[in-house]
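Here is a report on a two-chain model, written to be read beside the coordinates.

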Amino acid sequence: MKSIRIGAGLGFYGDSWQPVKASIERGGVQYIASDHLSELTLAILQKDRQRDPSAGYARDGVPMLAELWPLAAKHGVKFILNAGGLNPQGAREALAKAFHAKGWKASIATVTGDSVLERMDELRAAGEALTHMDSGADISGVRDRMLFANAYLGAQPIAEALAKGADIVLTGRVADAALTLGPLAHEFGWRWDDWDRLAAGLTLGHLLECSGQGSGGNFGSSGEWAKIPDYAHLGYPIAEVSEDGRALFTKAPGTGGRVSFDTIRQQLLYEVHDPHAYFSPDVVLDMGALKFDDEGGDRVRVSGASGAPRPATLKVVAGYHDGWMGTGMIGFAWPEAYAKCAKSAEIIQALVKERGWKVEDSNIEYIGYDSLLGANADPRHRDELNECFLRMTVRTQDKRVADAFGRLFPWLGLSGPPYVGTMKGIQPAKELLGIWPTLVARERVESKVNIELEQAG
Amino acid sequence: MKVGLWRIAHARSGDKADRADIGLFAYDAETYAVLKREVTRERLAAHFAGMGIGAVDLWPLDNILALKIVLNAALQGGAARSLRMDNLGKNVAAQLLRMEIEAPAGLPRLR
């Protein structure tokens, strides 16, 4: 029976592509599905685009392919990547230029049409309310501050691009798992209403989309994380999928990490809400009857995905300007490390008040005590810390206040409590973005989706 | 006896817009039955009260011995707006593992 092997590429913008080499060389993969985007990434790419209109795509896509393509071409491996971000055309130009310079030939498909920012007024006029899908809030309060708005496209345009003969499919915002479901539907000719098969593909795409998190990385636990072998050479996960949607989940031989019942069920539920209705553009997955049979040796059989018809709407994630963050930090050693941080926070608050700075919200955290555990930090440790850093942040509409805030801190070094450890450098104001998830009728987006095929080199 | 979840379960958390979500996993079926009974929406709401969260959603998944937990309105508006060090809510799962529940001393991980 025919089977297809798909390997995980990156799991986020800035992830390492070194582990992908083992999947290509020894993992027998035909495709790499590389996920460069998240809600936060779009916010980062938007800031890039504001500085330079030719930017706005994930800048790691080109160097990744520049390093891996000779190996991929030798093994006949195709790449599906969403590194186009907010500017897939720009990403394609950069990629074509790099391939031309190297004298490499490849057929590159670009999928566009996910951006709806420039169409928001048209969509509203057509009856799309674009209300916040969680809070139900009306969009008019933030409409003028919108900086990006992208629909999550599904796997169909990716499958179409592959059918046209693409070696590399470059997309903007598509559902992360579509990077895997696209090649599966293309290879097996799955019908777009074969809900259980599509649900199986969605499951596997979801297990692959966070790279090392699907093979033992970030294994959230006490003690057990230390038993994961050879983190330094952790292999990214690979799904070997059959036509009926059943799969073997594994990784390349000789790599570190672990594929097991424990590691992959952690990834299965990652960033999932209702597990009986996990929405994607192509199908709605019910995880309630999924079966993971752990055969040992980093091999887990995956079956039992159940699908319901795809939604009539696509999810759009938009981002809007929501003020500026100012950050300041200072640290202290024993004795009374925590108390000295708390005193410094008090001093800074007084200075902010005296200056009359308008601050909407502020946060005080003690690094080494509660900056990650929050109110669940154990207070018994508080007064005996060897050292502690104060981190203070403010949200303000005034960028000058956000910039000036961090500059209040160095003065404390000579005029505040003793035994100080300064942070190296002052943090400038950081733009804050509110995220606006909403829904739009799918045909209004899909009618504008475009697939362009270009021969590079 | 009182048992910290970290001794009998594992967990990972993530973010979507203003929601933090957690997968909580029993290492074995016997422990799963205890988690299902003890880790309730009410207990979760109390445990995370210090974060100033909204409603808690909870789904048990018998097939993978897991509880899916969603904390609504938990991330100061979302990762790109949050003032927190842990703007992505990656450590919400660690916070959960600090919860103590009533559990029998004979559970496999405690033997």
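In chain B, four strands form an open sheet in the order β2-β3-β5-β4, with antiparallel pairing. Strands pair here if DSSP finds at least two bridges between them. Helices (H or I, at least four residues) and strands (E, at least two) are DSSP runs, numbered from the N terminus. β2 (9–16) and β4 (56–61) of chain B are the edges; each has a single partner strand, so one side of each lacks a neighbour in the sheet. Neighbouring strands of this sheet are turned by 15° against each other on average, direction ignored.

This is a predicted model: local features need pLDDT of at least 70, side-chain atom pairs count only at pLDDT 80 or more, and totals for chains, interfaces and linings use all residues. Residues are numbered from 1 along each chain as its sequence is written, while chains are lettered from A and ligands numbered from 1 in the order in which they are written.

Six bridges join β4(B) to β5 (residues 66–71) of chain B, and the two run antiparallel. In that pair, B:Val56 has B:Leu71 of β5(B) as its bridge partner. Helix α2 (residues 29–38) of chain B lies across β2, β3 (19–26), β4 and β5 of chain B, at about 140° to β3(B). Axes are lines fitted to C-alpha atoms, for helices over the stretch in contact, and angles run from 0 to 180 degrees between N-to-C directions.

**The ten-stranded sheet of chain A**

Chain A has an open sheet of 10 strands, in the order β11-β12-β8-β7-β1-β2-β3-β6-β4-β19, and its pairing is mixed. The twist averages 20° from one strand to the next. Within the sheet, β1 (residues 3–8) of chain A runs antiparallel to β7 (residues 237–242) of chain A, joined by five bridges. A:Arg5 stands opposite A:Glu240 in β7(A).

Helix α9 (residues 261–268) of chain A packs on this sheet, touching β8 (247–251), β11 and β12 (300–303) of chain A; its direction makes about 155° with that of β11(A). Seven of the eight residues of α9(A) are buried. A residue is buried if 20 or more other C-beta atoms lie within 10 Å of its own, exposed if 12 or fewer, and partly exposed in between; C-beta atoms are placed from the backbone. Among the buried residues of α9(A) are A:Asp262, A:Ile264, A:Arg265 and A:Leu268.

β14(A) is mostly covered, with 17 of its 21 residues buried.

| Partner of β14(A) | Bridges |
|---|---|
| β5(A), residues 146–151 | five bridges |
| β18(A) | 11 bridges |
| β16(A) | 10 bridges |
| β17(A), residues 420–422 | three bridges |

A:Asn150 stands opposite A:Val317 in β14(A). A:Trp324 has A:Glu431 of β18(A) as its bridge partner.

**The nonpolar core**

Which residues have the most contacts inside the largest nonpolar core? They are A:Ile158, A:Val169, A:Leu170, A:Ala178, A:Ala239, B:Leu24 and B:Leu96, in a core of 164 residues. Such a core is a set of buried Ala, Val, Leu, Ile, Met, Phe, Trp, Tyr and Cys residues joined through C-beta atoms within 7 Å. Its largest share, 10 residues, comes from β14 (residues 313–333) of chain A. The core draws at least three residues from each of domain 1 and domain 2 of chain A.

B:Leu96 touches B:Leu5, B:Ala11, B:Ile22 and B:Leu24, not counting residues up to four places away in sequence. Two residues are in contact if their C-beta atoms, placed from the backbone, lie within 7 Å.

**Domains and interfaces**

Chain A is divided into domain 1 (3–114 + 152–311) and domain 2 (318–435), with bounds from an automatic or database domain assignment. Their centres, taken over C-alpha atoms, are 38 Å apart. Five residues of domain 1 are in contact with four residues of domain 2.

Between the chains, 48 residues of chain A are in contact with 35 residues of chain B. β18(A) supplies the largest share of the chain A side, five residues. By class, that side has 20 nonpolar, 15 polar and 13 charged residues. Ala, Val, Leu, Ile, Met, Phe, Trp, Tyr, Cys and Pro count as nonpolar, Asp, Glu, Lys and Arg as charged, and the others, Gly among them, as polar.
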